[in-house]
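Subject: Structure handover

Hi there,

Here is the structure I promised to pass on. Please have it open while you read, as my notes follow below.

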Amino acid sequence: MASSSSAPEQSDSLKAFGAVLKVFRERASLTQEELAPLVCYSQHCVASIEQGRRMPPGDFVERAEGALDSFGVLRAVARHVSRQPGLAGWFRLWAKLESAAIVCARTSAG
């Protein structure tokens, strides 16, 4: 069964950025909740970025760079972040169901 996620599939670069962010956050002895106000984003957003589910906005990267003193690493990694092309999981599931319904309708009508 397809993922019910509302975002396109994660890419390796998104996961890598999230992992690097988490390492620097933990190095700074901060929780996601503590980092959130320092970067002016919600704890949920920080978690989504760390898990590779959300693209890091440019201002997030800059604020995290400053808050975590990451030696330019976050900026460098962010330049290579991309989202895997494709459709959101919920849309892939919907399209699959629609396709099956059309096939059923054709065989019933025939």
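A definition to begin with: a residue is called buried under 20% relative accessible area, exposed over 50%, and partly exposed in between, using a 1.4 Å probe and protein chains only. Please note that this is a predicted model, where local features need pLDDT of at least 70 and side-chain atom pairs count only at pLDDT 80 or more, while totals for chains, interfaces and linings use all residues. Residues are numbered from 1 along each chain as its sequence is written, and side-chain values use heavy atoms, with hydrogens and water left out.

Let me start with D59, which lies in helix α4; helices here are DSSP runs of H or I with at least four residues, and strands are runs of E with at least two, numbered from the N terminus. D59 counts as partly exposed because its relative accessibility is 33%. Its salt-bridge partner is R63, with the closest N and O atoms 3.4 Å apart; the term requires a side-chain nitrogen of Lys or Arg within 4 Å of a carboxyl oxygen of Asp or Glu. About one helical turn separates R63 and D59, because they are four residues apart in helix α4. R63 is likewise partly exposed, at 32% relative accessibility.

By this rule the count comes to three salt bridges. Another one joins E50 and R25, whose side chains meet at 2.4 Å, N to O. E50 belongs to helix α3 and R25 to helix α1, so this pair ties together parts that are 25 residues apart in sequence. Both E50 and R25 are buried. There is also R75 with E62, where the closest N and O atoms are 2.9 Å apart. That pair links distant parts of the chain, with R75 in helix α5 (residues 73-78) and E62 in helix α4, 13 residues apart. R75 is partly exposed at 34%, and E62 is partly exposed at 41%.

The E65 side chain does make a polar contact with the side chain of S70, at 2.9 Å. Such a contact is a pair of N or O atoms within 3.5 Å; within protein, one must be able to donate a hydrogen and the other to accept it, and residues adjacent in sequence count only if both atoms are side-chain atoms.

Now for helix α3 (residues 43-50), where six of the eight residues are buried. These pack against α1 (12-27), α2 (32-39) and α4 (58-68), with contact meaning heavy atoms within 4.5 Å. Just after α3, G52 takes a positive phi of about 75°.

The largest nonpolar core has 17 residues, and those touching the most other members are F17, L21, L35, F60, A64, L68 and L74. Such a core is a set of buried Ala, Val, Leu, Ile, Met, Phe, Trp, Tyr and Cys residues joined through side-chain atoms within 4.5 Å. The elements giving two or more residues to this core are α1, α2, α3 and α4. Beyond its neighbours within four places in sequence, L68 is in contact with residues including L21, F24, L35 and L74. F60 counts as buried, at 0% relative accessibility.
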